[in-house]
Amino acid sequence: MSEVPGEPSWLDGVYGEGYARSLVEGYVHLDLSVLGEGPGAAERAVRTEEEEGWRIRLDDAEVFVPYRAEAEARRDGLTFGTGISELIDPGQWVLLGATYGRRAVEAGLFFAVDPSSDEKYAAIVADWRFAADAAAEALKFVPDGAEELGADSFWTDMGRAAFAREPERFTRARMESDLAYYREGLDGFMDLHAEP
């Protein structure tokens, strides 16, 4: 929450509402919002510029991305933005990490057979990076000194369902293990297919 007098109202979000911390987070949030349409729905989104940021609309869903938040994300080299997400809960982040990781593994197997496409190489690297970044986002929700997340950490149906199915996925140790796996997958893929 914003504690600076005169800050724009978009800084006063609550979990499940609020603004996106980067354009990437905004598009991912929209993909999750219209999940029934399948992955990539956000490609149909319409982005408009406003005085303080971009508004991205997809069907009945929309999200606001402040210019300042996007600039901070780029400055810090963070895919999804600085701070903790108010839009995507830790259950969704864990599921996103698993989805991107699975895509990277599957595509990597096909790439090993025919490593001639620069575009496929870049897509696999991006999937590994997104998997790692999503795992890092989930870890941000674990309070200092805590070893796991509780049921009250989730505010979306998707996140609550993921926690109910597999609460053991939401321990600090498991999420750190996932993060390490995704980073090792990225490093291994890049080392294996690096140009001589």
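The legends below describe close-up views of a predicted model.

Local features require pLDDT of at least 70 and side-chain atom pairs count only at pLDDT 80 or more, whereas totals for chains, interfaces and linings use all residues. Residues are numbered from 1 along each chain as its sequence is written, and side-chain values use heavy atoms, with hydrogens and water left out.

**View 1. Crossing of helices H1 and H3.** Helix H1 (residues 23–33) and helix H3 (residues 90–113) have axes that come within 12 Å and cross at roughly 95 degrees. H1 is therefore roughly perpendicular to H3 (angles of 65 to 115 degrees; under 35 is roughly parallel, over 145 roughly antiparallel, the rest oblique). Axes are lines fitted to C-alpha atoms, for helices over the stretch in contact, and angles run from 0 to 180 degrees between N-to-C directions. Helices (H or I, at least four residues) and strands (E, at least two) are DSSP runs numbered from the N terminus. Glu25, Val28 and Leu32 of H1 meet Gln92, Trp93, Leu96 and Tyr100 of H3, where contact means heavy atoms within 4.5 Å.

View 2. The open sheet has the order S1-S2-S3 with antiparallel pairing; two strands pair if DSSP finds at least two bridges between them. Strands S1 (46–49) and S3 (61–66) stand at the edges with a single partner strand each, so one side of each lacks a neighbour in the sheet. Neighbouring strands are turned by 20 degrees against each other on average, direction ignored. Four bridges join S1 to strand S2 (residues 53–58) in the antiparallel sense, and Val46 has Arg57 in S2 as its bridge partner. H1 packs on the sheet, touching S1, S2 and S3, and its direction makes about 170 degrees with that of S3. Helix H2 (residues 67–76) lies across S1, S2 and S3 and runs at about 65 degrees to S3.

View 3. The structure holds 13 aromatic pairs, defined by ring centres within 6.5 Å for Phe, Tyr and Trp (its six-membered ring), with planes under 30 degrees apart stacked, over 60 edge-to-face and the rest tilted. Phe111 and Tyr121 form a tilted pair, at 6.1 Å centre to centre and 45 degrees between the planes. Phe111 lies in H3 and Tyr121 in helix H4 (residues 118–139), so this pair ties together parts that are 10 residues apart in sequence. Phe111 is buried at 4% relative accessible area, whereas Tyr121 is partly exposed at 23% (buried is under 20%, exposed over 50%, partly exposed in between; 1.4 Å probe, protein chains only). Phe80, Trp93, Tyr100 and Phe130 form one aromatic cluster.
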